[in-house]
Amino acid sequence: MNYKIVGKYIKELDFKIPNPKTFSLLSKNISNYKINFDIKSNQLKENVIEVETTLSLKPAKDIIEKIITKIIFSTIIELDQGLIDKMEIKKIILVHVPTKVYPEIRKIFVFVFENSGFKDIKISKNVDFQKLYDLKKIQ
């Protein structure tokens with residue numbers, strides 16, 4: 001591999017259920033939410049990059065009483081010396097790192113839901129970040 005993970009942490013965690021009505025409706029409306037991913041990067045030093053992988057649930061249609069859920073997971077990576085191929089670096093940031101950290105992000109997200117009274121939360125165990133990357137290249 002052309003990089004190594006030197007650190008990772010939860011940068012931000014939002015989980016808001018605004019009122020009891022929303023809580024009670026959420027069990028019925030959870031299928032109206034879809035999982036959303038966002039991946040950003042910040043160069044910290046010459047060969048050190050922070051990769052922020054964001055997982056959130058967004059209502060698929062307009063819902064007045066909605067929950068707010070988002071986790072931003074920060075992964076600090078160090079690229080091998082001499083790695084200058086921009087496409088390879090882009091693939092590390094958008095495919096390799098998210099694939100590596102997604103199981104941890106999912107575990108945290110499911111933990112928060114389950115400990116908020118939602119035992120039936122279904123968040124995919126696997127995400128094909130390569131497929132998402134390929135789809136984004138086509139657009």
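Is Phe-118 buried or exposed, and what is its relative accessible area? Phe-118 is buried, at 8% (buried is under 20% relative accessible area, exposed over 50%, partly exposed in between, with a 1.4 Å probe and protein chains only).

1. Basis. This is a predicted model, in which local features need pLDDT of at least 70 and side-chain atom pairs count only at pLDDT 80 or more, while totals for chains, interfaces and linings use all residues. Residues are numbered from 1 along each chain as its sequence is written, and side-chain values use heavy atoms, with hydrogens and water left out.

2. Aromatic pairs. The structure holds seven of them. Rings of Phe, Tyr and Trp (its six-membered ring) pair if their centres lie within 6.5 Å; planes under 30 degrees apart count as stacked, over 60 as edge-to-face and the rest as tilted. Phe-23 and Phe-118 make a tilted pair, with 5.0 Å from centre to centre and 55° between the planes. Phe-23 sits in helix H1 (residues 20–29) and Phe-118 in the loop between H2 and helix H3 (129–138), so this pair ties together parts 95 residues apart in sequence. Helices (H or I, at least four residues) and strands (E, at least two) are DSSP runs, numbered from the N terminus. Phe-23 is partly exposed at 36% relative accessibility, whereas Phe-118 is buried.

3. A second pair. The ring centres of Phe-37 and Tyr-102 are 5.8 Å apart and the planes lie at 65°, so the pair is edge-to-face. Because Phe-37 belongs to strand S2 (residues 33–45) and Tyr-102 to helix H2, the pair ties together parts that are 65 residues apart in sequence. Phe-37 is partly exposed, with a relative accessible area of 23%; Tyr-102 is buried, at 3%.

4. Ring cluster. Phe-15, Phe-23, Phe-109, Phe-113 and Phe-118 are linked into a cluster by ring pairs. Among the residues that Thr-69 touches are Phe-15, Phe-109 and Phe-113 (contact means heavy atoms within 4.5 Å).

5. Thr-69. This residue is in strand S4 (residues 68–79) and is buried, with a relative accessible area of 3%. Its side chain reaches the backbone nitrogen of Leu-57 at 3.3 Å. Leaving out residues up to four places away in sequence, the contacts of Thr-69 also include Asp-14, Leu-55, Ser-56 and Leu-57.

6. Thr-99. Helix H2 (residues 86–114) holds Thr-99, which counts as partly exposed at 41% relative accessibility. Thr-99 and Asn-126 are 27 residues apart in sequence, and their C-alpha atoms are 8.5 Å apart in space.

Technical notes: A polar contact is a pair of N or O atoms within 3.5 Å; within protein, one must be able to donate a hydrogen and the other to accept it, and residues adjacent in sequence count only if both atoms are side-chain atoms.
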